[in-house]
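Please have the sequence and the model side by side as you read.

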Amino acid sequence: MILAFIILASLASGVIALLAALALIKGRLWSVERSHAFLSFAAGTLLAVAFLDLMPEAIEGLEKVRGGDVIETSLLFILLGFLIFFAIEKFILWHHCHEERCTVHTSAGIVLIGDTLHNFLDGIAIAVAFLVSPAVGIATTVAIFSHEIPQEVADFSILLSSGMKKSRALAYNILSSLASLVGAVAAYFFATTIESAVPILIALTAGGFTYIAAADLIPEIHKEERRTHMVFQFLIFFIGITFILLLTSFFAH
């Protein structure tokens with residue numbers, strides 16, 4: 001049953017997010033304001049999941065596996081997750097670009113490689129979250145889904161601007177999105193085979209989510225300088241946090 005939830009959630013975070021992004025592009029409904037709204041909500045949900053769900057679960061899980069005071073060990077793995085995502089962005093050329101024109105992506109190939117790796121890691125995060133509980137799994141899926149849509153809009157636009165045909169760009173993006181399914185299934189069987197690894201994976205995921213929100217999404221939001229829009233973004237950010245709180249509380253009972 002858990003595996004079925006993981007498969008459905010990973011497909012939703014990848015393929016459905018891509019289709020939603022394409023619908024927004026086709027309907028000409030995408031805009032900088034909508035992009036920032038998605039990013040604000042995503043930053044709030046990612047931080048809420050990381051601090052309120054994943055980090056406490058990592059500490060509790062390590063206590064069961066190792067016993068004693070494991071807070072320092074848990075924090076070390078959370079920091080390691082943060083550093084791993086930093087290294088991926090810097091050295092494997094994975095970069096979240098949320099605009100149609102992005103100077104970091106120098107070719108369509110780099111876009112596809114980066115997006116595939118990104119989706120694979122998202123799949124791992126979803127599987128790990130569902131192994132904690134359905135509530136954390138759903139919250140994590142919502143957080144990933146909300147930051148996938150602006151990412152897919154940007155990546156698809158970059159592929160088209162590089163001269164790629166729409167049909168080919170769509171096919172490549174769908175294949176890339178399926179990497180989330182591969183990552184989720186692989187993480188499920190790995191984690192269930194070595195149960196003691198689950199708390200470590202949870203801690204690494206928490207660190208990764210913190211990095212994405214703090215180093216990638218929030219700096220994009222800070223590009224907005226209009227006061228009214230800044231207030232709106234903060235409200236959306238707060239709504240994202242509140243939504244995760246309500247979601248996990250509802251499904252926990």
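Is Gln233 buried or exposed? Gln233 is buried, as its relative accessible area is 7% (buried is under 20%, exposed over 50%, partly exposed in between, with a 1.4 Å probe and protein chains only). This is a predicted model, in which local features need pLDDT of at least 70, side-chain atom pairs count only at pLDDT 80 or more, and totals for chains, interfaces and linings use all residues. Residues are numbered from 1 along each chain as its sequence is written, and side-chain values use heavy atoms, with hydrogens and water left out.

**Helix H9**

Phe234 belongs to helix H9, residues 227-252 (helices are DSSP runs of H or I with at least four residues, numbered from the N terminus).

| Residue | Relative accessibility | Class |
|---|---|---|
| Gln233 | 7% | buried |
| Phe234 | 53% | exposed |
| Gly240 | 0% | buried |

Contacts (heavy atoms within 4.5 Å) exclude residues up to four places away in sequence: Gln233 touches His36, Ser40, Ile221 and Glu224, while Gly240 meets Phe41, Gly44 and Thr45.

**Helix H8**

Helix H8 covers residues 198-221 and reaches 33 Å from its first C-alpha to its last, close to the expected 34 Å (1.5 Å times one less than its number of residues). Of its 24 residues, 19 are buried, so H8 is largely enclosed by the rest of the structure.

Methods
Helices (H or I, at least four residues) and strands (E, at least two) are DSSP runs, numbered from the N terminus.
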